[in-house]
Amino acid sequence: MIKLVLFYFTLLSCFFAFSQKETLKHIFSSKTTTKQEKILAVDFLLSQPNLSKEHKTFNFTNYGKWLYKNKEYTKAISIAQKDLKFSKKHFKDSICFIKEKYFLLGYYLYKNNDCKYAIEILKEPVVSLHNNCKYAIKIYSTLAKCYKKLGDYHKTIAYHQYVLNALKQTKNHKSKVSNAINISQAYTALGGKENIEKGRSFLIYADSLSKKNNLKYSTLLIIVTALGESYNFDETLDIKKGSFYFDKALELALKKKDSLKISSTLSKKGNLYNTTNLNLAIYYQKESIRFIPREHKTSILFNYGNLAYCYAQKKEFIISNEYYIKTVKLLTGEDIHKLSVNKKAVYNCYDKENLFITLIDYTSSLYKQYSTKKDNKHLKNILSIYFLAEELIELIRINSSELNSKLYWRKQANKLYTNAVKSCFALNDKEQAFYFMEKNKALILLEDLHYQKMKAQANLPNEIITQEKELLTEVYVLKKRLNEKNNDSGIQNVFFKKKLELEKLQDSIGKLLPNALKLKTSLIATLKQAQKNCKADEAVLEYIIHDNFGYGLLIEKEKSCLFELKSMKDLKNNISQIRGKLSKPFYTKKDFNDYNSLAFKTYQQLFPTKEIQAIIKNKKTIVIPDGYLSFLPFEALVSNNKTNTFLIESTEISYGLSYSFLHNNLKKERKEPSMVAFAPECFENYQLATLTNSIHEVTAINNSITSLIFINKKASKANFIKELPKHSIIHLATHADAYDSITPWIAFQDKKLLLEELYLTKNNADLVVLSACKTNDGKLAEGEGVMSLSRGFFQTGTKSIVASLWNVDDKATANIIIDFYKNLKKQQTKPEALRNAKLTYFKNNSLSESSPYYWAPLVYLGKRNTIELPQKYYLGYYIISLGILLLGIFYFLFKKKVRIFSFLN
């Protein structure tokens, strides 16, 4: 107690003897007081009522910096929060001064791994990089680093690029190099040859600046090491070039006697040999461990991870397992077998991405062990780890807001889900297999639609909805201009600012919908739900495929069957050949025979047992494909090579993006049935073939179903956007392209509607018919599905779609579509109506004109149900006919009266 009194007496003496700044400096530099005593002293100093506002904020700021330096992160954040609040109140006109406070709070949060809160703080001020405020650059750079920690690499690149553009004309070479290195690291993290090479170009730019401006050793070392790593990927592996840069990095580190960097470089050089020389790889990892300084022992986890992988490849599993367990322990502080109980350790892991990679590699090693011993204990252990890895990947993915970043993490998750199904197959665990299959398909789309539903239910103010729509449109227009102007830096900056404005608005909307942004496991259907919804004459057939293995799950009302696909390389090659053969009619007997042989072989691969083939026969089957199977029209497979019978002849096939999507995409607003059709026969602004049958198609449909028709010049893009939300059936007979170098599009008479523009629209159509080329084709996003025009319509509210897989024949398509609508009018279900229309065409044509090229491209996606059609009313004809009939009667009576009158006279 006496010591404490003396302490405060000394503090008060300092307070009156020194200036405010000197007092703070005196406290921090004192060698006779402990850290906690210094904290008490400064807290006491800040509580004094006679502090001027200038001195108070000075003390807040420097106290926060001292706390951060002394690893008192929680306290530093608390002080920074008080500093920001105080400064906003007393210095509201000092814009750059307040930005410093935002930066410091955001930076402390980032360093404390609270990136979500850091982003919220750093986004709050409206920051311009062109007002000479140095903290603006620091704010954007820290935002970029936050997104990197969250795994949102596309946003990381965007923010660093924005800063780099602003710095280009300055002499701030240090910041330019730092941002270029960070951009490179983000591109490298995304993987793929194109991204890695882009990343390398930024490293070369940073290297040139470093050499010209004599930047410090640590920066040069980062650049040289990163250049070495850029040659250590499957797509870019070059051991000679990689070794050259790692040796250069090693030379720099040895010269500075930097043990940690020597260790790190040796580890990365060892990793270079992981696929070519396991013994050499292990040697370098062990050499690396020797150089790790005692105070950096956690760095050893990278060595452990690499050693675990190498020993697993050598099938020395006991050693491998030990290293995997050590790696997980270092990352989480918990034993791997206890993580299922203590999930908090997973959520709090500071390097979730590395933990995910470790868990996936460990499960692969465990599966190899199962393959040799066939012990089911290994499999159950594997599944429990897969569920942990799944939660981890969802934590990372859900923090990504850029679509490209979400797709990147879906691709990473794809490895998890396919391997998990492999373990489920070995255990014959159909329920978990179905769950993992479903998690591997259209999840982003499902979540987006759920989010839109939540927004609609929240009854947001009209001004917020309007503002969001306007910003989305502005961002789209700027992005289009950016593509046209080849990444012009001026447009890039405006585009970035608008995106930031949109992000802030969407963040504020998200706060009004706290549950909308959380992953809803209830969105994923269960196997029991799928069976319950199946009718006696229905089946669901779901696939999941990998380069080396694949599985299918056939679901009926009372039972299900999990089966394995064989010879995956052959299957992929066969489907590629089928697509090639279907791209043109068969003209010779050899064409028919070659196709039939190939299509029968593929049928046997996809339906590998007699039992499965028998179940599918005469069943109404929903196929949920995966990967490249999405480009295959299953109905064009040959189910009997002796009679050359196509599968369509025995089985009704429809498709789904996922069963969960079908299950959640059923409800729709009740509205009077109405139909709109567009047929731009000619295209004035671009060279596209005239569609001579398109007007015939829509007028023939209109003969039996009332529809609003837009042809020729009236079939404009503006009219389409205007009419889209009004109708329950939308019909487009036009051109489309799924593989445009920029984005897929649909052609109208005057302009093209791009896929990204489609995302800006809304509709509530029960049916959209895309009578155009490749509308269900597009780029494949692993783990999510095909990014097609039909997906774009689903995204904006459509319930079911008829779309095409390749370039369609104008005349044949028109005939099939006209019959399709006639069948719908007979109250046939939508997939039944399309199948019968195809069969009619097939039976009515012969020789080359009966080729699948003509009838197979059109596929139906959605639920099996009938549709209410707008009726053709003939009231006018009825009134005229009745009038004529009455006139006839009156005329007959009048004549009779005249005859009677004549007779009497």
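## Burial and overall form

A residue counts as buried when its relative accessible area is under 20%. The structure is a predicted model, and 53% of its 905 residues count as buried. The accessible surface of the protein comes to about 43300 Å², and carbon and sulfur atoms account for 54% of that area.

The C-alpha atoms fill a box of roughly 145 × 75 × 55 Å along the principal axes. The protein contains 38 helices and 18 strands. Among contacts between residues at least 6 apart in sequence, 70% join residues at least 24 apart.

## Nonpolar cores

The largest nonpolar core has 197 residues. Those with the most contacts inside this core are Phe 436, Tyr 543, Phe 607, Phe 634, Phe 793, Phe 820 and Tyr 821. Helix H20, covering residues 376-398, gives the most to this core, with 10 residues. A second, separate core has 48 residues, including Ile 27, Ile 39, Ala 41 and Ala 144.

Which residues does Tyr 821 contact, leaving aside its neighbours within four places in sequence? The residues in contact with Tyr 821 are Met 675, Ile 701, Ile 705, Ile 729, His 731, Val 769 and Leu 869.

## Charged side chains

The protein carries 137 positive and 86 negative side chains. The centres of these two sets lie 3 Å apart.

## Cysteines

A disulfide is a covalent bond between the sulfur atoms of two cysteines. Counted as pairs of cysteine sulfur atoms within 2.5 Å, disulfides in this model number 0. Cys 146 is in no disulfide, and the nearest cysteine sulfur, in Cys 115, is 4.4 Å away. Cys 146 is buried, with a relative accessible area of 0%.

Cys 561 counts as partly exposed, because its relative accessibility is 22%. The closest cysteine sulfur to that of Cys 561 belongs to Cys 534 and is 14 Å away, which is too far for a bond.

## Ile 98 in helix H6

Ile 98 lies in helix H6, which covers residues 95-111. Is Ile 98 buried or exposed? At 9% relative accessibility, Ile 98 counts as buried.

Not counting residues up to four places away in sequence, Ile 98 touches Leu 84, Ser 87, Lys 88, Phe 91 and Lys 92. One of these residues, Ser 87, is 11 residues from Ile 98 in sequence, and their C-alpha atoms are 6.3 Å apart in space.

Technical notes. Residues are numbered from 1 along each chain as its sequence is written. This is a predicted model: local features need pLDDT of at least 70, side-chain atom pairs count only at pLDDT 80 or more; totals for chains, interfaces and linings use all residues. Side-chain values use heavy atoms; hydrogens and water are left out. A nonpolar core is a set of buried Ala, Val, Leu, Ile, Met, Phe, Trp, Tyr and Cys residues joined through side-chain atoms within 4.5 Å. Buried means under 20% relative accessible area, exposed over 50%, partly exposed in between (1.4 Å probe, protein chains only). Helices (H or I, at least four residues) and strands (E, at least two) are DSSP runs, numbered from the N terminus. Contact means heavy atoms within 4.5 Å. Accessible areas come from the Shrake-Rupley method with a 1.4 Å probe; for residues, only the protein chains shown count as cover. Lys and Arg count as positive and Asp and Glu as negative; His and the chain ends are not counted. The place of a charge is taken as NZ of Lys, CZ of Arg, CG of Asp or CD of Glu.
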